[in-house]
Amino acid sequence: MRAMVLPRFGGPELFEVRDVPTPTPGPGQVLVRVLVSGTNPVDAKLRHDGTWAGIQPPAIIGYDASGVVEQVGPGVTDFKSGDEVFYTPEIFGNPHGTYAELNVVPASIIAKKPPSLSHEEAAAVPLAGGTAWDALVRRMQLRVGETVLIHGGAGGVGSFAVQIAKALGARVLATSGPDNLETLRKLGADVVINYRSEDPAQIALRETGGQGVDAVFDTAGKNMIPSIPATRPGGRLATILGFSGDVSAFYPRNLTLHGVFLTRERRRLEEMSALLERKQMKPLVERVLPLEKVGEAHRVLDSGHGRGKVVLTVGKK
């Protein structure tokens, strides 16, 4: 099968087209013909140095996919050949990602593709959408009538977070650079904040009458400490990135901090499918590139200023 192989850690120019052996599904696994692979910031981190995730080159990375079941392994009864599915495979210790025509994955972490989505749209959902879902729905349990501040609202995770928060009935304050403010409005943000010229914490306090927001979700990094004064006592904060600084202010304000790293499961994909089918949540696919242009996609990831998602067409529909 055709795959984009990372021969060693380093820059986005390193990917090589190779013909590699076709994998075989084992017990509880399925073989998926990947039609579209998603790209995510974690891909770029792994490309630079994946040793933290137990990956050593040569490796095939990529951790989002939409495709068709090619073959099922022993014991798999809930999928059959020809089923359209979408999923995000495990990262840790998995050097056989979705930048390839075929991918073996546990049946327990894939789900039927929402019928209304194209494969390009579906491949953009699992990792980024699932991360936003976990942060807002499962961890911070955002409720109707609450106010949330989302840092990086136009990015892969942030664009889903804005839509999920609106679907939950929350008031959404979201930040971006000046080029993406209109994108935030189209996604449904109630208040858009240009982080380059405005202070998100000050605006959050102004918009809440000085009380502070109920929840903060940082998808961009370096926003946890500055957001503490803008969070009401008893509020919740979640981040998908590490941070450093003085956290002593968390305690007198009785704040709860959630670190969010996505686990893999079918149920979350099925939960999100309800919003996707009702058009309350739509993937923001900014670019569609052929698999061989994966280096170009990674240059977008390296910039840290992408809008929505970049996906890669792999196989023929």
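This is a predicted model: local features need pLDDT of at least 70, side-chain atom pairs count only at pLDDT 80 or more; totals for chains, interfaces and linings use all residues.
Helix H1 (41-48) gives the largest share of the lining of the largest pocket, 5 residues. Residues are numbered from 1 along each chain as its sequence is written, and side-chain values use heavy atoms, leaving out hydrogens and water.

So what's a pocket? On a 1 Å grid over the protein atoms alone, a pocket is an open set of points with protein on both sides within 12 Å along at least five of seven lines, while a cavity is a set where a 1.4 Å probe fits but cannot get out; lining residues have an atom within 4 Å of a point. The largest pocket has a volume of about 1,300 Å³, a volume being the space filled by probe spheres set on the points, which are joined across faces, edges and corners. Its lining runs to 48 residues, and Pro41, Thr219, Ala220, Leu241 and Gly304 lie nearest the centre. By class, that's 21 nonpolar, 19 polar and 8 charged (Ala, Val, Leu, Ile, Met, Phe, Trp, Tyr, Cys and Pro are nonpolar; Asp, Glu, Lys and Arg are charged; the others, Gly among them, are polar).

The axes of H3 (residues 126-139) and H4 (residues 156-167) come within 8 Å and cross at roughly 45 degrees. Axes are lines fitted to C-alpha atoms, for helices over the stretch in contact, with angles from 0 to 180 degrees between N-to-C directions. That makes H3 oblique to H4 (under 35 degrees is roughly parallel, over 145 roughly antiparallel, 65 to 115 roughly perpendicular, and the rest oblique).

Contact here means heavy atoms within 4.5 Å. Among the residues making it are Trp133 and Leu136 of H3 and Phe160 and Ile164 of H4. The contact residues split into 10 nonpolar, 3 polar and no charged.

Thr88, Ile109, Pro126, Thr263, Arg264, Glu265, Arg268 and Leu269 line the largest cavity.

How values were computed. Helices (H or I, at least four residues) and strands (E, at least two) are DSSP runs, numbered from the N terminus.
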